[in-house]
Structures are given as C-alpha cells and as structure tokens.
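User: Hi! I have a model open in my viewer and would like to go through its local geometry with you. Could we take it piece by piece?

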Amino acid sequence: MADFVREVMTPDVVAVRPDASLVEAAQLMRAQDIGDVLVAGDQIVFGVLTDRDITLRAVADGVDPLTVSAQTVCTPNLVVIGPNDPVSTAVELMREHAIRRLPVVENGNPVGMVSLGDLAVSQDPDSALAEITRAAPDDWPHNLTA
C-alpha cells in the first residue's frame, strides 16, 4: 500500500488553454483516455475541466461546445495536494469536498493528478472500483457519420 501521493498519482498533467473550445478539450480527453484536463495558461491554473462538467454545464443546456471556452465551464478554486502528502490526506480531501480528482501541485506547478480510481487501486486492489479502473477502455468508433 502506498504512503505518499507521488506513489499513486498519474504524472504529467494534461492541460488546455483557457480559450480552448469544449470540443478541443473533449478530443484531448479522448485521445489521452482521461476524464479531465487542467485549464491553464501563462503558468496560471484556472481550474479543472471534467467530462462531467462538459456534459452538465454545457451540452445539457444546449450550448454549442465549439463556441464555449474551457475556462467558462471548468471548476475554479481547485483543491490541490502535494506529491509528498500522505495518501490519507488525499482521501480526506476527496471525501470532504466530494471530488473524484485532485491536481498534484509542487512549488505552484502541476505535476500530476490523483483520482479516486488511483486510490482504489492503491488502497484496495481487489475492490470493484480498482478492477473497473484497470479495465481497458471501450473501443468506441471514431467515425460516427459513416
């Protein structure tokens, strides 16, 4: 079982510019097989944008995802954690703030992301959530117009 966040986090944060469209962000999430991206520019992190944010804050309201920016829809005021913080702190923060992902920040710079799935794999590798997290993604068709 891991003791520190650095042992369970996914390194190399994926980010989009604040003015990137939701389509750009969603395409990047698909290409990277991830459910979130940081919204950052000029060494400032504006927030985190999740696939759920895109769905509930934009698509469900009927807005055009080509014309809405990532910064408009992202969750601001991030809750973050450091790579040298205990895994138990990550669990507490996720529980307290009802969040599924925590950006990992060191000296003001994002260095990784820790997800609920990462914690499940680390803390209880035989759990259903850990098994789901390790499962291969669906092979979704890339051309829906054919």
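This is a predicted model: local features need pLDDT of at least 70, side-chain atom pairs count only at pLDDT 80 or more; totals for chains, interfaces and linings use all residues.

User: Thanks! Is Asn77 buried or exposed?

Analyst: Asn77 sits in the loop between α3 (70-73) and α4 (87-97). Its phi is positive, about 55°, although Asn77 is not a glycine. The relative accessible area of Asn77 is 73%, and the cut-off is over 50%, so this residue is exposed.

User: And what is the relative accessibility of Asp12?

Analyst: Asp12 also has a positive phi without being a glycine, about 60° here. Its place is the loop between β1 (10-11) and β2 (15-16). Asp12 counts as exposed, with a relative accessibility of 64%.

User: Which residues does Val111 contact, leaving aside its neighbours within four places in sequence?

Analyst: Val111 belongs to strand β6 (residues 109-115). With a relative accessible area of 24%, Val111 is partly exposed. Beyond the neighbours within four places in sequence, its contacts are Met9, Thr10, Pro11, Asp12, Val13, Pro83, Val104, Val105 and Glu106.

User: How far apart are the C-alpha atoms of Val111 and Met9?

Analyst: Met9 is one of the residues in contact with Val111. Along the chain the two are 102 residues apart, yet the separation of their C-alpha atoms is 9.0 Å.

User: Let's move to the sheet. In what order do the strands of the open sheet with three strands lie?

Analyst: Strand β3 (residues 36-41) runs parallel to β2, with two bridges joining them. To strand β4 (residues 44-50), β3 is joined by six bridges, and this pair is antiparallel. The pairing in the open sheet is therefore mixed, and the order is β2-β3-β4.

User: Which are the edge strands?

Analyst: The sheet has the order β2-β3-β4. An edge strand here pairs on one side only, and the strands that do so are β2 and β4.

User: Which residue in β4 is the bridge partner of Val37?

Analyst: Strands of a sheet pair through backbone hydrogen bonds, either parallel or antiparallel. For Val37, the bridge partner in β4 is Leu49.

User: What handedness does the β-α-β unit have?

Analyst: Its two strands, β2 and β3, run parallel, and Val16 has Val39 in β3 as its bridge partner. The unit consists of β2, helix α1 (residues 22-32) and β3, and it is right-handed.

User: Which residue in the turn of the hairpin has a positive phi?

Analyst: The hairpin is formed by β3 and β4, with two residues between them. In that turn, the residue with a positive phi of about 50° is Asp42.

User: What arc do the buried residues of α4 cover around the axis?

Analyst: The buried residues of α4 are Val87, Ala90, Leu93 and Met94. They lie on the same side of α4, because the arc they cover around the axis is only 120°.

User: Finally, which exposed residues does the face turned away from the buried side of α4 carry?

Analyst: An α-helix has 3.6 residues a turn, so residues three or four places apart point the same way. On the face turned away from the buried side, the exposed residues are Arg95 and Glu96.

How values were computed:
Residues are numbered from 1 along each chain as its sequence is written. Side-chain values use heavy atoms; hydrogens and water are left out. Helices (H or I, at least four residues) and strands (E, at least two) are DSSP runs, numbered from the N terminus. Buried means under 20% relative accessible area, exposed over 50%, partly exposed in between (1.4 Å probe, protein chains only). Contact means heavy atoms within 4.5 Å. A crossover is right-handed if, with the strands pointing away from the viewer, the path from the first strand over the helix to the second runs clockwise. The arc is that of the directions from the helix axis to the C-beta atoms.
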